[in-house]
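User: I would like to go through the labels attached to this model and hear the grounds for each one. Please set each value against its cut-off.

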Amino acid sequence: MERVTDDQFALLDGKIRHVPGGVDEYLRLLDDRSDASATSKPEKSKPKQGSSDQSSADAVGASKPTLSRAEEYSLKKELTAIERKLRTFGKKAEEIRVEMRATDPSDYIALGDVQRQLHNLERETSDLEDEWLELSERLSQ
């Protein structure tokens with residue numbers, strides 16, 4: 001949205017509001033609103049001791065850290081960027097393999113250089129895949 005518009009507006013509390021910070025600012029405002037409403041609401045009565053299923057589910061939910069909308073948006077942006085890099089690295093790896101097939105088999109120095117390029121690219125790809133997995137795990141929590 002920020003790529004195709006100069007200004008962003010949001011509907012908050014029934015009023016249109018300019019959000020110059022874009023989606024990040026909008027998500028921060030939503031988080032601030034939900035935090036304020038959560039602290040202003042009185043606590044609900046606790047479940048009875050006999051309902052152990054509900055209390056254990058509450059305990060599991062309470063121990064699970066939740067992401068704010070801004071953090072979730074940021075993680076999704078990072079994941080998308082990594083996915084684009086992985087596609088680019090895949091194309092580069094294929095180009096290097098084509099170059100390797102075209103290299104004279106008796107030219108060990110040239111083959112070594114091409115192999116080194118491929119090895120470095122595969123290592124970078126592996127690092128990016130690890131980062132993608134970590135971000136995906138954080139996002140799925």
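Analyst: A residue is called buried under 20% relative accessible area, exposed over 50%, and partly exposed in between. The model is predicted.

User: What makes His119 partly exposed?

Analyst: His119 has a relative accessible area of 43%. His119 is found in helix 4. His119 and Ala93 are 26 residues apart in sequence, with 9.3 Å between their C-alpha atoms.

User: How is the chain built, and how much of the chain is buried?

Analyst: The chain has 4 helices and 2 strands. Read from the N terminus, the order of elements is β-β-α-α-α-α. Of the 141 residues in the chain, 18% are buried.

User: Why is Val19 called buried?

Analyst: The relative accessible area of Val19 is 1%. Buried means under 20%, so Val19 is buried. Val19 sits in the loop between strand 2 (15–18) and helix 1 (22–40). Asp7 is 12 residues from Val19 in sequence, and the C-alpha atoms of the two are 7.5 Å apart.

User: Why is Ile16 called exposed?

Analyst: Ile16 has a relative accessible area of 68%. The label requires over 50%, so Ile16 is exposed. Ile16 is part of strand 2.

User: Which residues form a nonpolar patch with Ile16 on the surface?

Analyst: Phe9 and Leu11 form the patch with Ile16. Together the three have about 390 Å² of accessible area. Nonpolar side chains are joined in a patch within 5 Å, and each member needs over 30% relative accessible area. Ile16, at 68%, therefore passes the area cut-off.

User: What makes up the largest nonpolar core?

Analyst: The core has 11 residues: Leu75, Leu79, Ile82, Phe89, Ala93, Ile96, Val114, Leu118, Leu121, Leu128 and Leu135. The largest share, 6 residues, comes from helix 3. Membership in a core requires a buried residue joined to others through side-chain atoms within 4.5 Å. In soluble globular proteins, nonpolar side chains tend to be buried together.

User: How do you know that Glu72 and Lys76 form a salt bridge?

Analyst: Their closest N and O atoms are 3.2 Å apart. The cut-off is 4 Å, so the pair qualifies as a salt bridge. Both residues lie in helix 3, 4 residues apart, which is about one turn of the helix. Glu72 is partly exposed at 32%, and Lys76 is partly exposed at 43%.

User: How many salt bridges does the structure hold?

Analyst: The structure holds 4 salt bridges. One of them joins the side chains of Glu94 and Arg101 at 3.5 Å, N to O. Glu94 is partly exposed, with a relative accessible area of 39%. Arg101 has 61% and is therefore exposed, given the cut-off of over 50%.

User: What makes Arg97 and Glu122 a salt bridge, and which helices do they lie in?

Analyst: The N to O distance between their side chains is 3.4 Å. With a cut-off of 4 Å, the pair therefore counts. Arg97 lies in helix 3 and Glu122 in helix 4, so the pair ties together parts that are 25 residues apart in sequence. Arg97 is partly exposed at 32%, as is Glu122 at 38%. Side chains of opposite charge can pair when their charged atoms come close.

User: Why is Arg87 called exposed?

Analyst: Arg87 has a relative accessible area of 51%. Exposed means over 50%, so the label holds for Arg87. Arg87 lies in helix 3. Arg87 and Thr125 are 38 residues apart in sequence and 9.6 Å apart in space, C-alpha to C-alpha.

User: Which residues gather in the patch of negative charge, and why is Glu137 called exposed?

Analyst: The patch consists of Glu78, Glu124, Asp127, Glu129, Asp130, Glu131, Glu134 and Glu137. Asp and Glu count as negative, and like charges are joined within 9 Å. Helix 4 (residues 108–140) gives the largest share of the patch, 7 residues. Glu137 is placed in helix 4. Its relative accessible area is 53%; exposed means over 50%, so Glu137 is exposed.

Technical notes. Residues are numbered from 1 along each chain as its sequence is written. This is a predicted model: local features need pLDDT of at least 70, side-chain atom pairs count only at pLDDT 80 or more; totals for chains, interfaces and linings use all residues. Side-chain values use heavy atoms; hydrogens and water are left out. Accessible areas come from the Shrake-Rupley method with a 1.4 Å probe; for residues, only the protein chains shown count as cover. The place of a charge is taken as NZ of Lys, CZ of Arg, CG of Asp or CD of Glu. Buried means under 20% relative accessible area, exposed over 50%, partly exposed in between (1.4 Å probe, protein chains only).
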